[in-house]
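Please view the sequence and structure below before reading on.

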Amino acid sequence: MKKAALDWGKLSFSYMNTDYRYISHWKDGAWDSGKLVTENTLTISEGSTALHYGQQAFEGLKAYTRKDGRTQLFRPDRNAARMQSTADRLLMPRVSTEKFVDACDQVVKANWKYVPPYGTGATLYLRPFLIGVGDNIGVRAAPEYIFGVFCMPVGPYFKGGMTPVNFMVSTWDRAAPRGTGAAKVGGNYAGSLMPHEEAAHKGYADCIYLDPATHTKIEEVGAANFFGITKAGAFVTPLSPSILPSITKYSLLYVAGEYFKMKTEERDVFIDNLDEFAEAGACGTAAVITPIGGIFHNGKLHVFHSETEVGPVTKKLYDTLVGIQYGDVEAPEGWIHFVD
Ligand code: PLP
Ligand code: COI
């Protein structure tokens, strides 16, 4: 089979209808065995809880082509585990890790021609989702569920990839202190659309949210976690029960500590103490590592390393993380899952 005739290096983070997606139904207490289908639409009851009460979850992970031509996934068991904890929070049935990873494998294999070749900088983005469906009207858990996985080749989420971008501190909250901030549910993102629009309108790539209880500490970016490199060289990232536990962030904590012997800290990051950082970045599956040029807050832009150049520590963390994801750098045990 030949790869699709796409300009891989010019892809952005945009929807593309690929050939196959996986779909599985839950009814009467059990999942069916699931199958690949070609249509990119779903027919569901008008009473589906996913439509009215936000009973839905999603995930995001990527497939990478290695130099030797094989295809691999980065830590798909971690995405499966996170979808399980989101399912618990929203009273949805769990999808087992085995079923989750098998669905991803099937979708990647069936859409092999869309997995970007090695060296193009593009990746195949997988979007698993879990939604409450079936006839219903009261506020309660759905009688039926759909688990699906679709995919598309993508380029950088933030324009410019490794070129720094600026963010703006939002006056809106992303999540409540004991709400669903740590779960990957659509409602968190619906509420972020308007703050994002405000930030984009003012020329910022996205907003930074502060903690919803005191508004003194950095939580995260709209679609990525935050990290900073202190002037003493420590890797620091916020610790909060209302941020999404980013798989990329935990991978970077490990890489910084084990590969570079840096001090690592998950702790409070006060918005009035940005001076402690020499460099800062946003990290996530879609964002990979995006260097933060500056953060706008209280009428002024706090610039970290530079608004145009990536800092040296951010660069070496990026090279190692991406090297692991493409199979060029040896991965810690269990981080890589081969598809073929
Ligand atoms: N925070 C938010 C709000 C996100 O949407 C994402 C994306 O998944 C992340 C952080 C990064 O998480 P991960 O590294 O697991 O992709
Ligand atoms: C991801 O990085 O996978 C995300 O889910 C971020 C965004 C596209 C919602």
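The lining of the second largest cavity divides into 5 nonpolar, 4 polar and 2 charged residues; here Ala, Val, Leu, Ile, Met, Phe, Trp, Tyr, Cys and Pro count as nonpolar, Asp, Glu, Lys and Arg as charged, and the others, Gly among them, as polar. The model is predicted, with local features requiring pLDDT of at least 70 and side-chain atom pairs pLDDT 80 or more, whereas totals for chains, interfaces and linings use all residues. Residues are numbered from 1 along each chain as its sequence is written, chains are lettered from A and ligands numbered from 1 in the order in which they are written, and side-chain values use heavy atoms, without hydrogens and water.

**Second largest cavity**

- A cavity is a set of points, on a 1 Å grid over the protein atoms alone, where a 1.4 Å probe fits but cannot get out, and its lining residues have an atom within 4 Å of a point.
- The second largest cavity holds about 40 Å³ of space, the volume being that filled by probe spheres set on the points, which are joined across faces, edges and corners.
- Its lining includes Pro164, Glu279, Pro291, His305 and Thr314.
- Two or more lining residues come from each of β15 (277–284) and β16 (288–297); strands are DSSP runs of E with at least two residues, and helices are runs of H or I with at least four, numbered from the N terminus.

**Largest cavity**

- Among the residues lining the largest cavity are Gly60, Lys62, Phe74, Ile247 and Gln325.
- β5 (61–65) and α6 (247–259) are the elements giving two or more residues to this lining, and β5 supplies the largest share, 3 residues.
- The lining comprises 4 nonpolar, 5 polar and 1 charged residues.
- Domain 1 (8–154) and domain 2 (165–325) each contribute at least three residues to it, with domain bounds taken from an automatic or database domain assignment.

**Ligand 2**

- The residues around ligand 2 (a heavy atom within 4 Å) include Phe13, Phe58, Arg127, Tyr157 and Thr285.
- This shell divides into 7 nonpolar, 2 polar and 2 charged residues.
- Because both domain 1 and domain 2 give residues to the shell, ligand 2 lies between them.
- Oxygen atoms of ligand 2 lie 2.6 Å from a side-chain N or O atom of Tyr125, 2.7 Å from a polar side-chain atom of Lys184 and 2.8 Å from a polar backbone atom of Ala286.
- Taken alone, ligand 2 exposes 280 Å², of which the protein buries 90%; accessible areas come from the Shrake-Rupley method with a 1.4 Å probe.

Technical notes
A polar contact is a pair of N or O atoms within 3.5 Å; within protein, one must be able to donate a hydrogen and the other to accept it, and residues adjacent in sequence count only if both atoms are side-chain atoms. On a 1 Å grid over the protein atoms alone, a cavity is a set of points where a 1.4 Å probe fits but cannot get out, and a pocket is an open set with protein on both sides within 12 Å along at least five of seven lines; lining residues have an atom within 4 Å of a point.
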